[in-house]
Amino acid sequence: MKANSSATLPVSPVVLPRSVTGIWWGLLGVLAFSFTVPFTRLAVSGLSPLFIGSGRAVVAAVLAAAALALTRQQFPSPRIWARLALVAGGVVVGFPLLTSFALTSVEAGHGAVIIALLPAATATAAVLRTGERPPAAFWAVLILGSLATITFAFVQAGGIGRLQWADLLLLAAVVAGAIGYAEGGLLARELGAWRTVSWALVLASPLMVVLAALAIADQPPSASPLQWGAFAYLGVVSMFLGFFAWYRGLAIGPMAQVSQIQLIQPVLSICWAAVLLGEALTWSTVIGGLAVIACAGAAVRVRLFRPSTPPAEIHPERIPTP
């Protein structure tokens with residue numbers, strides 16, 4: 001080409017790095033999930049925790065079944081069903097029920113910060129399940145964030161000896177959620193994000209329908225329009241749409257790194273609780289929130305090392321779109 005030629009050179013399209021793409025999808029999922037604790041706290045003031053924990057899963061399962069039927073999806077293989085059972089047990093049954101019961105006795109801001117342990121638990125589950133090898137710096141910032149969370153729980157409860165039963169329920173919810181997130185992120189690489197969520201909801205639906213029926217028989221639902229609106233959000237977004245983005249982000253990965261974005265979720269939840277529920281923002285809450293934000297920012301910037309024999313991965317453009 002001559003120097004004075006009017007021809008132009010082809011410009012290569014800008015492609016975001018794989019990890020950055022996963023982080024943005026993860027952020028979208030965390031934003032959707034950040035309303036879960038405040039809306040659960042709002043809903044339990046008028047509805048029973050058993051109805052909320054099971055009923056929201058039934059609502060999401062109806063949407064999931066409709067989506068699968070309309071798109072004529074084939075049934076997964078028996079091997080996939082076994083893995084879907086882990087996802088369903090963790091994020092469809094365990095996490096919603098445990099948090100619903102816990103939030104009958106603690107404020108949303110308190111519950112949100114306890115749940116901040118979830119990224120640490122998810123990273124651990126991901127490392128055990130996928131073979132990702134985070135460096136020491138990654139674990140250092142993760143431990144700092146976890147310590148800030150545990151300290152907050154003890155301070156709010158008045159000391160180690162006064163740790164509440166609700167805190168133990170929330171910690172159990174963290175374990176259940178971590179298992180469901182890690183396995184769901186892996187399945188999303190094979191099935192796609194929305195299919196993973198949908199099949200897990202369908203699998204758990206018989207149990208959740210029975211639990212919802214028992215809850216209605218024991219305490220017929222009676223709530224205000226605002227409380228029903230909160231329940232609708234829990235069923236449609238927290239249990240269904242939010243997982244589209246979250247599992248896609250985990251599938252793109254690296255899973256241990258993307259999971260740390262959830263450290264900012266309690267900070268967002270505390271803000272929503274202050275705005276929507278009028279809960280006070282204490283200095284301990286603010287300091288704890290700033291600590292976990294700093295740890296989340298540091299964790300997602302740490303370079304992860306790949307295992308010598310990495311698990312099968314697919315590029316973002318090959319992942320089935322939600």
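**Exercise 1. Locate Leu290 in the secondary structure, decide whether it is buried or exposed, and name the surface patch to which it belongs.**

Leu290 lies in helix α13, residues 283-301, where helices are DSSP runs (H or I, at least four residues) numbered from the N terminus. Its relative accessible area is 56%, and therefore Leu290 counts as exposed, given that buried means under 20% relative accessible area, exposed over 50%, and partly exposed in between (1.4 Å probe, protein chains only). Together with Trp283, Val286 and Ile287, Leu290 forms a nonpolar patch on the surface with about 470 Å² of accessible area. Such a patch joins nonpolar side chains (Val, Leu, Ile, Met, Phe, Trp, Tyr) within 5 Å, from residues with over 30% relative accessible area and no salt bridge, and the areas come from the Shrake-Rupley method with a 1.4 Å probe, only the protein chains shown counting as cover.

This is a predicted model, in which local features need pLDDT of at least 70 and side-chain atom pairs count only at pLDDT 80 or more, while totals for chains, interfaces and linings use all residues. Residues are numbered from 1 along each chain as its sequence is written, and side-chain values use heavy atoms, with hydrogens and water left out.

**Exercise 2. Describe the largest nonpolar core and the contacts of Met208.**

A nonpolar core is a set of buried Ala, Val, Leu, Ile, Met, Phe, Trp, Tyr and Cys residues joined through side-chain atoms within 4.5 Å. The largest has 63 residues, and those with the most contacts inside it include Val92, Tyr181, Met208 and Trp246. Helix α8 (residues 165-191) contributes the largest share of this core, 11 residues. Apart from neighbours within four places in sequence, Met208 is in contact (heavy atoms within 4.5 Å) with Gly53, Ser54, Ala57, Val58, Val92, Val93 and Leu97.

**Exercise 3. Trace the network of salt bridges that links Arg79, Arg83, Glu183 and Glu190.**

A salt bridge requires a side-chain nitrogen of Lys or Arg within 4 Å of a carboxyl oxygen of Asp or Glu, and the whole structure holds 3 of them. Begin with Arg79 and Glu190, whose closest N and O atoms are 3.7 Å apart; Arg79 is in helix α4 (residues 78-102) and Glu190 in helix α8, 111 residues apart. Next, Arg83 pairs with Glu190 at 2.8 Å between the closest N and O atoms, linking parts of the chain 107 residues apart. Finally, Glu183 and Arg83 form a salt bridge at 2.7 Å between the closest N and O atoms; because Glu183 lies in helix α8 and Arg83 in helix α4, this pair ties together parts 100 residues apart in sequence. Arg83 is buried at 12% relative accessibility, whereas Glu190 is partly exposed at 42%.

Methods. Patch = residues over 30% accessible without salt bridge, like charges linked within 9 Å, V, L, I, M, F, W, Y side chains within 5 Å. Helix = DSSP H or I, 4+ residues; strand = E, 2+ residues; numbered from the N terminus.
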